[in-house]
Amino acid sequence: MTELLKALRPVRRRIRRNRALRGAAAGLAAGAAAALLLLLLARFVPVPDKTVYAALLLAAGIPAGAAAGALIPVKNREAATAADACGLRERTVTALENAGGDGPMVRAQRRDALDALRKLDVKQIRPAPVRKALLAALAACVLGTGLLLLPGGQDRKAEELKTLRTEIARAESAIEEALKEDEKGLSEAEKSELRKIRDELMQNLDRSRDETDALVALDKAEKRLEQMRSPSAGGSAEETGAAEALAQALQGAGLESQAQAALSGDENALAQALAGMSAEETQALAEAMESLNGEALAAAEAMEGAAQSGDAEQAAAQALQALSASGSGSMAASAMQQAVQGLKAALGGQGNGPSGSEGSGAGTGGSGGQGTGSGAGRGTTNEDQGGNGTSGNPSSGPVRGNDAPEYREGKYETIYDPERVDIATRDVMTNQQQLGNDSVQIEAGQGRGTLEGDVPYTSVIGEYASGEAKSAESENLTAEQREWVAEYFRLLTEQQ
Amino acid sequence: MNTNESISLFAEQYDRLKKEIALEMIGQEDVVEHLLLAVIAGGNVLLEGVPGLGKTHLVRVLSRVLDLPFSRIQFTPDLMPADITGTNILVRTEEGNSFRFQEGPLFSSIVLADEINRATPKTQAALLEAMQEHSVTVAGKTMALPEPYFVLATQNPVEQEGTYPLPEAQLDRFLFKVLVPFPTLRELDGIMNLTVGTAEKHASRVIGAEELLRMRETARQVPIASSVQEYALKLVLATHPEQADAPEITRKYLRFGASPRAAQAILATARVRALNQGRYNAAFEDIRYVAPACLRHRLALNFAAVTEGKSIESIIAQLMKELE
């Protein structure tokens, strides 16, 4: 038995090789078929990088098929049958079946089979024909090439989708980076909230099918960030309040220069002011501290310590740090918000499709009331950021305009309502047939509307809301469901 | 002589038998081959061919090279069973008159039933026991026939007037039905030289009964792979139109299929052929070689096949092809 199995080894190897070849051909055919399907699918659904994916499928089929073919174990009987097919006339299979048998005839047969097997040229074992698989692969490749060469209706959309995904990926990493940098000074609750917003945003962006979806997700995230910033803005006010409280206390103590330096936020000026403090002034600072609390107190303590130790620079830095500590939460949220806005701006720039969200805004703004400027910005929501104004005062540099947000209409905020714009053809009832059970079968003619029938969302939302509320009343809905419908439209209307 | 020697001697003896027969039998190699396969396997053979092709002569030569007792029965419509089996006759002895069984021509190792289809079914039926059980029962007494024993029958496929076609039961007892074809020009030339010319060649004894039985025993030991055996069995099953998975050609053209004896015949003769081909195992090609001779007399064509001119041979060939 062992001898026979040993003699079968070359046959096994040969079979495995042949299977790998056949598997490669089958894999090529399968890969080509898969690539063809992908290209066909890309005619109906936008598939970014379809050529790359099709090529990958085609190329992956060969090694996958070859590996599958080579890895399938070759059974002894298969090897024996393959050897017999090369003119051994069932010698090997018979010997294998009678391997445990004894008797002169069985022994003679085994010897005969072994002799024949050892003389066998395994090259005679040829792979199964792969002609059909290769022809199928060729046909699929030709069809696929044809599909690639013929322009498809979804090609442009696929390109847009690709750009969108690139932008989303870039923005996602920017947001990640911003968060990593800025969340160091945040409380755990703030970190948790920011991460939650980030995770939700990432999830929504990943689910985005087009720019509109992405922009909606970004809007949502931006609003949440705005909400998060509001309490932080309280913190900012608190920060400002702390600085003012400190300044007032310092002014009350007669420390004018220190008060000005604390208000200006200039570390050098504050250090200079602190360095020159006399013992009386230090005493006055200690008295002024009694009226302070929170960050202002921390800053004042740092200043007092500095006045006593003489390390004015360090004290100034610590004081300013204490004053700005309460604003760190808003800084992180702001950084993330900036990243979100950047992404929105990038997406808005791509918006030339039917679901695009191109908007433009123009505004004039003054920089601290000292200059006027004009600018243009891209808006994706109905609240434009206003214009970025360039200050007329060269020393102030460009600052953000403070015009009131101007309402803009993004394309994605339009509603497809051809009936409303009255450019549609009307229903034509071509046939009506009375059936049993009070049912009527109607064959309708040409449908309503055209693709041009978009109307602004805001102009119809109120009407829709009241219509749906009435519908909800007339439908067989529970009170809770009716309330849910009404609440939904109330919230939508409130947002306008 | 042990089995190893028998194995090594088998092919040699077989070759010598063929060569010796060829001295007196010009051409007809395939017929001789089939005849030897059947004789070694221990079966009866039905030789079918037009008159004058040397069927009877072949059997005579065979009996000579095998050195076996030979008897020839010319079947005629008035031949009675007792004429072939033997009968009790009254004999006078010293003790007085008594009945003694007078053996008929069946009591021989090789029985040539010449033109078997000319005898009545009653006489034909008398052969059944001899062919199958190698025994004869007369007046309630069963007597064994000598071993080896085989019946070689001939029949003329053309002249059917005054003949009695063999019943299926009888046909089934023939291991092979061998068709004797008309000789080619070269073979005919050889026959002329041998028979009406000056050339004189006589086949002589090659082996005896003992060696023949040993060859038969040796052949029985030849192993057959399960796949090969399965092929033979599937082939037999495929001839049955009533089988659910019967091939289309069977359902369309066959009235009934082969019996298990056909499968026995195929496997037994395939073993013999394997040995004479120098192999120690039966192969698919052995099955394919012996199957037509084993099946052709066991299958019956239906009316559709007859009207469409289908032959049994073409149907068997088609079935073998479908099973490959």
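Two strands are taken to pair if DSSP finds at least two bridges between them. Helices (H or I, at least four residues) and strands (E, at least two) are DSSP runs, numbered from the N terminus. The model is predicted: local features need pLDDT of at least 70 and side-chain atom pairs count only at pLDDT 80 or more, while totals for chains, interfaces and linings use all residues. Residues are numbered from 1 along each chain as its sequence is written, and chains are lettered from A and ligands numbered from 1 in the order in which they are written.

In chain B, strands S2 and S5 run parallel and are joined by 5 bridges; B:Ile73 stands opposite B:Ala113 in S5(B). Both strands belong to an open sheet of 5 strands in chain B, with parallel pairing and the order S2-S5-S8-S1-S9. Its edge strands, S2 (70-74) and S9 (174-179), each pair on one side only.

Chain A and chain B also meet, with 14 residues from chain A and 16 residues from chain B in the contact (C-beta atoms, placed from the backbone, within 7 Å).

Leaving aside neighbours within four places in sequence, B:Cys294 is in contact with B:Leu175, B:Phe176, B:Ala262, B:Ala265, B:Ile266 and B:Thr269.

Note on methods: Contact = placed C-beta atoms within 7 Å.
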